[in-house]
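Work through the exercises below with the sequence and the model open side by side. Each task is followed by a solution in steps.

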Amino acid sequence: QVQLVESGGGLVPAGGSLRLSCLASGRTFGNYGGWFRQAPGKEREFVAGISWGGGITYYAESVKGRFTISRDNSKNTVYLQMNSLKPEDTAVYYCAARGRTYYTTRNYDEDRDYDYWGQGTQVTVSS
């Protein structure tokens, strides 16, 4: 089992930055990590994914060039640095972990690709 706890959300003006953190505990070794978000009235959507070693990352088109996913395995933490935030980035952000085998040649961008989820952290971007 893996437990995930997000932090770092908040209220920020458009153009601002936030860094989200996802602290993992339990059987964390080798897990592929991801960030998703869900805006009011919308389905949850993929934001970014990262391999265990951190060398492979994937991003949704809507956040490419603005968001950066990274991880520090010594701290059991996955980060999401969000820059140039827009009001449409407003959502609850969830981190996720995949405990199953993964292949670095493909992205994992659907809910069903992940086995563990955090409770979410609210990000609100004001216009």
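The model is predicted: local features need pLDDT of at least 70, side-chain atom pairs count only at pLDDT 80 or more, and totals for chains, interfaces and linings use all residues. Residues are numbered from 1 along each chain as its sequence is written, and side-chain values use heavy atoms, with hydrogens and water left out.

**Exercise 1. The disulfide**

Task: Find which residues a disulfide joins, and state whether they are buried or exposed.

Solution. 
Step 1. A disulfide is a covalent bond between the sulfur atoms of two cysteines. The criterion here is a pair of cysteine sulfur atoms within 2.5 Å, and the count by this rule is one.
Step 2. The bond runs between Cys22 and Cys95, with an S to S distance of 2.0 Å.
Step 3. Cys22 belongs to strand β3 (residues 18-26) and Cys95 to strand β9 (residues 91-98); the two cysteines are 73 residues apart, and the pair links distant parts of the chain. Strands (E, at least two residues) are DSSP runs, numbered from the N terminus.
Step 4. The angle about the S-S bond is 45°, and the link of Cys22 and Cys95 is right-handed.
Step 5. Both Cys22 and Cys95 are buried. Buried means under 20% relative accessible area, exposed over 50%, and partly exposed in between, with a 1.4 Å probe and protein chains only.

**Exercise 2. Salt bridges**

Task: State how many salt bridges the structure holds, and work out which residues are linked in a network.

Solution. 
Step 1. Side chains of opposite charge can pair when their charged atoms come close. A salt bridge is counted when a side-chain nitrogen of Lys or Arg is within 4 Å of a carboxyl oxygen of Asp or Glu.
Step 2. The total is eight.
Step 3. One of them pairs Arg37 with Glu45 at 2.6 Å, N to O. Arg37 is buried because its relative accessibility is 6%, whereas Glu45, at 35%, is partly exposed.
Step 4. Another pairs Asp89 with Arg66 at 2.7 Å, N to O. Asp89 sits in the loop between β8 (77-82) and β9, and Arg66 in the loop between β6 (57-59) and β7 (67-72), so this bridge ties together parts that are 23 residues apart in sequence. Asp89 and Arg66 are both buried.
Step 5. The network is made up of Arg37, Glu45, Arg66 and Asp89.
Step 6. A further bridge, between Arg112 and Glu110, spans 2.7 Å, N to O. Arg112 is exposed at 65% relative accessibility, and Glu110 is partly exposed at 34%.

**Exercise 3. The cavity**

Task: Find how much space lies in the largest cavity and which elements each supply at least two residues of its lining.

Solution. 
Step 1. Rolling a probe the size of a water molecule over the atoms shows where empty space is left. On a 1 Å grid over the protein atoms alone, a cavity is a set of points where a 1.4 Å probe fits but cannot get out, and lining residues have an atom within 4 Å of a point. Grid points are joined across faces, edges and corners, and the volume is the space filled by probe spheres set on the points.
Step 2. There is one cavity of 30 Å³ or more, and the largest cavity holds about 140 Å³.
Step 3. The lining has 17 residues, and the closest to the centre are Leu4, Ala24, Arg71, Val78 and Ala97.
Step 4. At least two lining residues come from each of β3, β4 (32-38), β8 and β9.

**Exercise 4. The nonpolar core**

Task: Identify which residues of the largest nonpolar core touch the most other members.

Solution. 
Step 1. A nonpolar core is a set of buried Ala, Val, Leu, Ile, Met, Phe, Trp, Tyr and Cys residues joined through side-chain atoms within 4.5 Å.
Step 2. The largest core has 34 residues, and those touching the most other members are Leu4, Trp35, Val47, Phe67, Leu80, Met82 and Tyr93.
Step 3. Elements giving two or more residues to this core include β1 (2-7), β5 (45-50) and β11 (121-126). The most comes from β9, with five residues.

Conventions
Helix = DSSP H or I, 4+ residues; strand = E, 2+ residues; numbered from the N terminus. 1 Å grid on protein atoms, 1.4 Å probe; cavity = no way out; pocket = protein on both sides within 12 Å on 5 of 7 lines; lining within 4 Å.
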